[in-house]
Amino acid sequence: MIDTDLKVSVDLSNSKLSFDDFRQIIKKDYEFAVQSRMVSLLGRKEVLTGKAKFGIFGDGKELAQIALAKVFEIGDWRSGYYRDQTFAFVSEISTIYHFFSQLYANPDIEADTSSAGRQMVAHFSTNLLDEQGNWKNQTSTKNSFSDISTTGGQMARTMGLGLASKLYRNNENLSYLKYFSDNGNEVVFCNVGNASTSEGVFWEVINAVGVHQVPAVISVWDDGYGISVPNEIQTTKGDISEALKGFQRGENGNGLEIFKVKGWDYPGLCETYEKAVKVAREQHIPCLVHVTELTQPQGHSSSGSHERYKTKERLQWENDYDCNIKMRQWMLDAGIAGEEELFEIEKKAKDYVRSEQRRAWSDYRKLLQGELEEAVSLLSEFKEDLVELPLKTLISTPEPSLKEVYSTVRGVLRELRFENSIEKQALLQWYNEKKKVNAERYNSSLYVETEKSPLCVSIVEAKYADNAAIVDGREVLNACFEANFERDDRILAFGEDVGKIGDVNQGFAGLQDKFGNMRVFDTGIRESTIIGKGIGLAVRGLRPIAEIQYLDYLLYALPVLSDDLASLGYRTKGQQKAPVIVRTRGHRLEGIWHSGSPMTVLLGALRGIHICVPRNMTQAAGMYNTLLKSDDPALVIECLNGYRLKEKMPANIGEFTVPLGIAEELREGSDVTVVSYGSTLRLVQEAALELDKIGISIEIIDIQCLQPFDREHLCATSLQKTNRILVVDEDVPGGASAFILQQILEEQGGYYHLDSKPLTLSAKAHRPPYGSDGDYFSKPSADDIVEAVYRIMNDVDPKRFPRFF
């Protein structure tokens, strides 16, 4: 470990800069530091005066981030967190105006360029896409992956962002992708707070970057606390770099280069980052820079005071060792600037911040004022007494928000529900037009909305030769993957046991031998990092298939999937995308583990990711073909007991597509519509044969996707014919089956076609015990399906269908 503890003297004997040039650089850096500190101070005041909802700032970390920004080059990547404002300003991935616009939640993308008011302040990102959804040239800009608030959440995608550089340098077949890399010379800079190093994802990624030797510089901003919890409670030895000594690389073997430097030591910081980045960029050796003795002048955030948990001695130390104060004194001692000169720099910096804050607030108020004036003008046309009070209230509100404007308008429309005047029609027309505007402001871009969407991929039917081979389902998948790997050098696959043995069910069998271990490779058991790896690779232009071995393992990666991947398009308002395909398998395995079907969890957590539930491997292959031709992230859940079931091999195995969100009628019937998906469909089909003997005809609908769900409303169309419905699912009661029923009855209007009570048939509330008997009594069986359908018909005609039991 390199412990940097430099003295404050300056030696320019070997410098190419003149002393005057050197002085100008230092003074500019000090100006950045003063500006950023003023942003923090003024930002907190804006929160406390009610102009903004909440604020979290980077005060106390200015010098470290200035030093870091000096080595952040065009083409590099940032994966940071909400203390990085100084770094963002100096590297020009954001500005003070944009910062305050985000603080005020301005929904204009030109004002808050990172999120259009969708994220709280200090969450930075850069625009990676043009208006058509095509990638911009990442080698000509400094790139910032969109921040998330979850502690340590920035770690996972760091692995993929860095691995992309390694692949671009070492795989000559990717050399044509000039927009994404300059021969792998890009470094990913990950910044994380000291408290977040207690998160499991931090340790997963530290281990993974050490194994893969990716060009990452991970900075730990250490101010001694995690809100009120000191390092001694957070970390073994109270010091993360001490705890990580076993990861320090030796003469022979992989590992990290670990640096330690004080956050108030400006020259030490500059030298440390210059060394670390040189090692990472040139040798692809990951580095960890532990920046200690940082302070937090205003405490953790605008919601609390650090005086509650810090001693007077600690607070005094923080005042004495404030990095800006230490730099100021160093400049005076070294003769870099005099007192008057520093005063002028400080005044200029503070005045500039105030002017940018006022400009941001003024622009935000203009946006609000325009719609306020339109609403007031329309409301003023009414003569009704019912309008007078809400109108006066709105006009007298000092600084009304859009919420207050539209709440007033909606309240008036409710009050005038029996009126039909010209004034009301004008107000209603205005409101309906603004609903579209506000939907674009606040509800758009959950999924890709350009022609890159998988919903825009042309349907190509599977073709079969007259003598088509009958093969195991796994062979269909294997052939599909092989065809796509042949077609597109950007595609790669990884996960536990994916490489050497071709995954536990042989979907990638033989593909590592054919395409090499840079395209098909194994990973350790670290689900969060597997998904993060996929995210980082995808945003840098590659097409990763990230495998999670079993469906219930997906829960270990849920924070990365939910907080980062699923929300990426939404939180950047369509400015970033990560077309990761997450491949896994589940359903119908016996036993408590690997047999669960946590679709409820996935439906709730993964809005923004397509959820595909193919019934067999041919359908799965068609979905993979669709997804690889488009740019949305997706989860594909293969049937665990389907790999050795026989299927015909399509002649166009790498070309045919299965559209997402299009349900399929597998069997025509007249009495009851049975809706299901995945492995359970085989049981429904088995039950249909027995029901035929009883005289009951069921129509079977395979929904194929949970997100998007049945876009053509086939379920409701079937229900219109049968007037009765049963939903069969392996999730817990009230889980995915409830979602399916809500979609059919409410969204598709199926309620109006019901002649009988709708039923759901799910697994028991617990996971199934081990063994076939446990499975039979815990999950829907063919017998259960027969009896559930029969129960519906018993209610319709009890004489014809008397009770079994």
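## Helices H16 and H22

In this predicted model, the axes of helix H16 (residues 473-487) and helix H22 (residues 617-628) come within 8 Å and cross at roughly 15°, where axes are lines fitted to C-alpha atoms, for helices over the stretch in contact, and angles run from 0 to 180 degrees between N-to-C directions. H16 is therefore roughly parallel to H22, since angles under 35 degrees count as roughly parallel, over 145 as roughly antiparallel, 65 to 115 as roughly perpendicular and the rest as oblique. Helices (H or I, at least four residues) and strands (E, at least two) are DSSP runs, numbered from the N terminus.

The crossing of H16 and H22 is right-handed; a crossing is called right-handed if the near helix is turned clockwise from the far one by less than a right angle, and left-handed if anticlockwise. On the H16 side the contact (heavy atoms within 4.5 Å) is made by Gly473, Arg474, Val476, Leu477, Cys480, Phe481, Asn484 and Arg487, and on the H22 side by Met617, Thr618, Ala620, Ala621, Tyr624, Asn625 and Leu628. By class, nine residues in the contact of H16 with H22 are nonpolar, four are polar and two are charged; here Ala, Val, Leu, Ile, Met, Phe, Trp, Tyr, Cys and Pro count as nonpolar, Asp, Glu, Lys and Arg as charged, and the others, Gly among them, as polar.

## How the model is read

Residues are numbered from 1 along each chain as its sequence is written, and side-chain values use heavy atoms, with hydrogens and water left out. Being a predicted model, it is described with local features that need pLDDT of at least 70 and side-chain atom pairs that count only at pLDDT 80 or more, whereas totals for chains, interfaces and linings use all residues.

H4 passes H12 in a right-handed crossing. Ile96, Tyr97, Phe100 and Ser101 in H4 meet Tyr352, Val353, Glu356, Gln357, Arg359, Ala360 and Asp363 in H12, and the residues of this contact divide into six nonpolar, two polar and three charged.

A nonpolar core is a set of buried Ala, Val, Leu, Ile, Met, Phe, Trp, Tyr and Cys residues joined through side-chain atoms within 4.5 Å, and buried means under 20% relative accessible area, exposed over 50%, and partly exposed in between (1.4 Å probe, protein chains only). Leaving aside neighbours within four places in sequence, phenylalanine 100 is in contact with Val39, Leu42, Gly43, Val353, Gln357 and Ala360.

## Helices H6 and H18

The axes of helix H6 (residues 200-212) and helix H18 (residues 527-539) come within 9 Å and cross at roughly 65°, and their crossing is right-handed. Val201, Glu204, Val205, Ala208 and His212 in H6 meet Glu527, Ser528, Thr529 and Lys533 in H18, a contact with three nonpolar, three polar and three charged residues.

## Two buried residues

Glycine 184 is found in the loop between helix H5 (154-170) and strand E4 (188-193), and is buried, with a relative accessible area of 0%. Not counting residues up to four places away in sequence, glycine 184 touches Ser165, Tyr168, Arg169 and His284.

Leucine 558 lies in helix H19 (residues 558-565) and, at 16% relative accessibility, counts as buried. The C-alpha atoms of leucine 558 and leucine 602 are 44 residues apart along the chain and separated by 8.5 Å. With neighbours within four places in sequence left aside, leucine 558 is in contact with Asp563, Val601, Leu602, Ala605 and Leu606.

## Backbone features around H24

Most residues other than glycine have a negative phi, and most peptide bonds are trans. A cis peptide bond, with omega about 0°, joins glutamine 707 and proline 708, and proline 708 lies in the loop between strand E21 (705-707) and helix H24 (714-722). Histidine 713 lies in the loop between E21 and H24; its phi is near 60°, a positive value in a residue other than glycine, and at 34% relative accessibility histidine 713 counts as partly exposed.

Asparagine 723, in the loop between H24 and strand E22 (725-728), has a phi near 65°, a positive value in a residue other than glycine.
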